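Please read these notes alongside the model.

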Amino acid sequence: MDNITVTVNATEYPPQLKHKVIFQTFNQLQPSEAMLLVNDHDPVPLRFQFESMHSGRFTWEYLEQGPDMFRVKISKL
């Protein structure tokens, strides 16, 4: 987890802002930096959106998989 530079706790944002904040944060990362996403459910739809928008430019690593908390390390390649 040493290259995590920022944490986004998605539970702190209203639903209409969550993905916007997450993608803005990812876009600000430098290559090889990572963000930690904290959520109260499995962010599978978000992963599909990442694959659509940033295919081949990120990695997705679950650090904790529920049932009440999900922590995902999203790295920029």
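1. Trp60 is buried, at 10% relative accessible area (buried is under 20%, exposed over 50%, partly exposed in between; 1.4 Å probe, protein chains only). Tyr62 is partly exposed, at 24%.

2. On provenance: this is a predicted model, where local features need pLDDT of at least 70, side-chain atom pairs count only at pLDDT 80 or more, and totals for chains, interfaces and linings use all residues. Numbering runs from 1 along each chain as its sequence is written, and side-chain values use heavy atoms, leaving out hydrogens and water.

3. Rings of Phe, Tyr and Trp (its six-membered ring) pair if their centres lie within 6.5 Å; planes under 30 degrees apart are stacked, over 60 edge-to-face, the rest tilted. The count is 5 aromatic pairs. Trp60 and Tyr62 make an edge-to-face pair, with centres 6.2 Å apart and planes at 75°. One aromatic cluster takes in Phe23, Phe26, Phe50, Phe58, Trp60 and Tyr62.

4. Helices here are DSSP runs (H or I, at least four residues), numbered from the N terminus. H1 and helix H2 (residues 44–53) pack at about 45°, axes 12 Å apart; axes are lines fitted to C-alpha atoms over the stretch in contact, with angles from 0 to 180 degrees between N-to-C directions. His19, Ile22, Phe23 and Phe26 of H1 meet Leu46, Gln49, Phe50 and Met53 of H2 (contact: heavy atoms within 4.5 Å).

5. Thr25 lies in helix H1 (residues 15–28). Thr25 is buried, at 14% relative accessibility. Leaving aside residues up to four places away in sequence, Thr25 touches Val6, Val8 and Met35.

Conventions:
Helix = DSSP H or I, 4+ residues; strand = E, 2+ residues; numbered from the N terminus.
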